[in-house]
Amino acid sequence: MYEKITPPTTGSKVSFSNGQPNVPDDPIIPFIRGDGTGVDLWPASQKVFDAAIATAYGDKRKINWFKVYAGDEACEKYGTFQYLPEDTLNAIKEYGIAIKGPLTTPIGGGIRSLNVALRQINDLYACVRPCRYYTGTPSPHKSPEKLDVIIYRENTEDIYLGIEWREGTDIASKLIDILNKELIPATPEHGKKQIRLDSGIGIKPISKTGSQRLVKRAIQNALRLPKSKQMVTLVHKGNIMKYTEGAFRDWGYELATTEFRTECVTERESWILSNKEENPNISSEENARKIDPGYDALTAEKKAEICQEVEDVLGAIWDSHGDGKWQDKIMVNDRIADSIFQQIQTRPGEYSILATMNLNGDYLSDAAAAIVGGLGMGPGANIGDECAIFEATHGTAPKHAGLDRVNPGSLILSGVMMLEYMGWQEAADLIKKGLEVAISNGEVTYDLARLMEPPVEALKCSEFADAIIKHFKD
């Protein structure tokens, strides 16, 4: 089955059922070392993983690591431009869970991004990026500890699908001609808009299937959180892109109020319910006026629509969600994308899980990571129904490769996510504890050491791993 790699002779495969992994005590886990600083990051990270598992479970559990190749290292083994060999794709598909260091994005033709390719090939539709603060981590934010969010970013659609055509090509010109002459004029709401002839063209597909399976995972995660953190916020720019980003919001609400009806309440529903709780005799019109401050300026038709909404909500869920019962449900709300960027800084404690599309999620996850200490401390996972890949979220930083100085925190915390996904929570908790104590003690790599006040002496990448392990038993 494999051309140039050999699986471990011991260990078992992970299987999946209903989108969830069934993990044996001796799983075979493929790993990609990564390019550039991956040569330093992976050995340090693997050492931490193995030590945590041994400390938590003794000889009852063990990961059997399976080295596979991607990026520059793959080209060295398989030949020029073999950035993503079939061996690697087959191994990830066969064994189900994998972890990887940072990878080079090839310049020029071929694969646009190895990371994006791995996500799309394996249908890893949920990019999961937790952003929480570890005590002692230098941060530009005044109160970084207030931010504790998990970002669910749709991974397979949006403009990241990569279907676009360069300006001046025959297809781009044909598309512009058809749009300008036939399709745009046929849609009255577009008025007299026209696309400039010297434009490149790309498409932005957002599907109901893709949107709802992402929101489903976000809600399932919320169900596992403490009551105070059970909130899912749909992040979108639907005020402008109504049929793509606006549809994402609508489909998210639809899923929450059908498949998760007993577990969820929308923000707007909570207003309607609380208004009736405050005044049991409130009329539909007065309730409508409270949930929509501009009610009195609306047309009669729109007023009737909102009153009907009030009656429908009370008729459908008053018995199950009224009299304060909605306060124990998962709150589902939505926010405009540009607004959420400032709100995670000014009101970070109000958010828990953010579900969003691909491009917004890319921006938002890096911005949130910056608040809690940067991408060096930002873990990531790409999860589908039959596969999951955990990864460092930063670049390869080749000028630092081989110097044993970079921060392995992102890859180590991605491994924490992997252990949690596997159900090995005790080992995951040990790593989080050891990392936080190390940082609090000023035992950090140069990127954090230079920002601490007062500055501390930097540890090597390998020494930071040792410091984490040392604090498992504190």
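Reader: Which residues of helix 6 are buried?

Author: In this predicted model, the buried residues of helix 6 are Gly210, Ser211, Gln212, Leu214, Val215, Arg217, Ala218, Ile219, Asn221 and Ala222. Buried means under 20% relative accessible area, exposed over 50%, and partly exposed in between, using a 1.4 Å probe and protein chains only. Helices are DSSP runs of H or I with at least four residues, strands are runs of E with at least two, and both are numbered from the N terminus.

Reader: How far apart are the end C-alpha atoms of helix 6?

Author: They are 22 Å apart, which agrees with the 22 Å that the 16 residues of helix 6 (208-223) should span. The expected span is 1.5 Å times one less than the number of residues.

Reader: And what happens at the start of helix 6?

Author: There, a side-chain oxygen of serine 207 comes within 2.8 Å of the backbone nitrogen of glycine 210.

Reader: New topic: what does UniProt list for Asp362?

Author: The unreviewed UniProt entry lists Asp362 under "binding site", and such annotations, given in the numbering used here with shortened feature names, may be inferred rather than shown by experiment. Aspartate 362 lies in helix 12 (residues 358-371) and counts as partly exposed, at 21% relative accessibility.

Reader: Which residues is aspartate 362 in contact with, leaving aside neighbours within four places in sequence?

Author: Those are Arg153 and Tyr160, where contact means heavy atoms within 4.5 Å. The side chains of aspartate 362 and tyrosine 160 are also joined by a polar contact of 2.2 Å. A polar contact is a pair of N or O atoms within 3.5 Å; within protein, one must be able to donate a hydrogen and the other to accept it, and residues adjacent in sequence count only if both atoms are side-chain atoms.

Reader: How many disulfides does a search of the whole structure find?

Author: The search finds zero disulfides, a disulfide being a pair of cysteine sulfur atoms within 2.5 Å. Cysteine 131 is in no disulfide, and the nearest cysteine sulfur, that of cysteine 127, is 10 Å away.

Reader: Is cysteine 131 buried or exposed?

Author: Cysteine 131 is buried, with a relative accessible area of 3%, and cysteine 307 also counts as buried, at 14% relative accessibility.

Reader: Anything on how residues are numbered, and what gets counted?

Author: Residues are numbered from 1 along each chain as its sequence is written, and side-chain values use heavy atoms, leaving out hydrogens and water. Because the model is predicted, local features need pLDDT of at least 70 and side-chain atom pairs count only at pLDDT 80 or more, while totals for chains, interfaces and linings use all residues.
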